[in-house]
Amino acid sequence: MSPLTFIFLRILRRFPSSSPSNFLYAIFAFPVGKFAGEFYELLIYRKMSLPRIHRKRGELRIHETMDELKTDLVEYISEVSEASVKDRGCFAIALSSGSHIELLSKLSEVPYSKIVDWGKWNVFWADECLVAKRDADSNYKFAKDVFLSKVPLSSSQVRLINNSLKAEEAASQYQFNMRQQVKSRLINVSNLCDCPKFDLILLEMGADGHIASLFPDHPALAMTEDWVTFMNDSPIAPQQRITFTLPVINAASNVAVVVTGASKAEAAHLAIDDLAKGNVSLPARMVQPIEGKLVWFLDYPAGAKLDGVQFSD
């Protein structure tokens, strides 16, 4: 995609799908597009995806295809990064475990590889398995292979967890390091609680409703004093992990939760819909930024059981 068409596409996404402005922007984008196919993309992008739905539990962005979801997610990250750099002069993002990391590969492609201010990024981990950095279960290795090694980030910008320590020691050290970053203002601080205020925490919800390494009914859910906690008994292997606690997640300026696949449809319903009692044991249900924004990125299968959402054929 040519850079000029990308700019018009970014503007286009800020308007409702029913807005006549979509058509006007598309017309103006056509002459500067490198190929006629880009004009077609501008016209159909909003038509193929459901409008953004705003609820008490955050904003819903539901997409028909994974390609659409990937494009929207990466565009969202790019926009949050741009706003944070403009506001604070830097961007602190926390990544977590999950296959959604693969969606971030688009960040290493043009135009994002060129327009993102990579020098202002600082990458942290909302959770990590205590395994070797080259181990297949390492969240860092997954992210490095997918995009971190393909964008201009220095090693000092990626804040790794010390996997040579025991779980409790690794959690304590990572929390100490985060406090140092808060003091230097690489991470903002919440005005409402004693927690770091990340510009963006990116999560994926599991079929059981877990986020990061916070699992249903696990004692880690009740941790409120620490920023980072640990476990030696994760219900999903590897068993030794460290994870952000709920207060840290809910202190973020922006939290994005990716939910894909039919196996997660019931959990998505329990986590998002306005239920009479809700499901207090579902970690994803407990994600509610106290002064930030929550956005859910779903595909059609994951959103199939959401109240009031209908998909056209």
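Reply: Arginine 185 sits in the loop between helix H7 (167-183) and strand E6 (188-189). Helices (H or I, at least four residues) and strands (E, at least two) are DSSP runs, numbered from the N terminus. A word on the source before we go further: this is a predicted model, where local features need pLDDT of at least 70 and side-chain atom pairs count only at pLDDT 80 or more, while totals for chains, interfaces and linings use all residues. Residues are numbered from 1 along each chain as its sequence is written, and side-chain values use heavy atoms, with hydrogens and water left out.

The phi of arginine 185 is near 70 degrees, a positive value in a residue other than glycine. With 46% relative accessibility, arginine 185 counts as partly exposed; here buried means under 20% relative accessible area, exposed over 50%, and partly exposed in between (1.4 Å probe, protein chains only). Aspartate 217 also has a positive phi, about 65 degrees, although it is not a glycine. You will find aspartate 217 in the loop between strand E8 (200-204) and E9, and it is exposed, with a relative accessible area of 66%.

The side chains of aspartate 194 and arginine 179 form a salt bridge (3.8 Å, N to O). The pair links distant parts of the chain, 15 residues apart: aspartate 194 is in the loop between E6 and strand E7 (196-197), and arginine 179 is in helix H7. A salt bridge here is a side-chain nitrogen of Lys or Arg within 4 Å of a carboxyl oxygen of Asp or Glu. Side chains of opposite charge can pair when their charged atoms come close. Aspartate 194 is exposed at 55% relative accessible area, and arginine 179 is partly exposed at 30% relative accessibility.

Three strands make up an open sheet, in the order E5-E10-E9, with antiparallel pairing; two strands pair if DSSP finds at least two bridges between them. Strand E5 (127-129) and E9 stand at the edges with a single partner strand each, so one side of each is left without a neighbour in the sheet. Neighbouring strands of this sheet are turned by 15 degrees against each other on average, direction ignored. E9 and E10 are antiparallel and joined by four bridges, and threonine 229 stands opposite threonine 243 in E10. H7 packs on the sheet, touching E9 and E10, and its direction makes about 165 degrees with that of E9. For these values, contact means heavy atoms within 4.5 Å; axes are lines fitted to C-alpha atoms, for helices over the stretch in contact, and angles run from 0 to 180 degrees between N-to-C directions. The loop between strand E9 (228-231) and strand E10 (241-244) holds proline 238, and the peptide bond from alanine 237 to proline 238 is cis, with omega near -5 degrees.

Glutamate 204 and lysine 264 meet through their side chains (2.8 Å, N to O). Glutamate 204 lies in strand E8 and lysine 264 in the loop between strand E11 (254-259) and helix H9 (265-272), so the pair ties together parts that are 60 residues apart in sequence. Glutamate 204 is buried at 8% relative accessibility, and lysine 264 is buried too, at 10% relative accessible area.

E8 also takes us to E3: two bridges join these strands, which run parallel, and alanine 94 has isoleucine 201 in E8 as its bridge partner. On E3, five of its five residues are buried: Phe91, Ile93 and Leu95 on one side, Ala92 and Ala94 on the other. E3 pairs with strand E4 (residues 121-125) in the parallel sense over five bridges.
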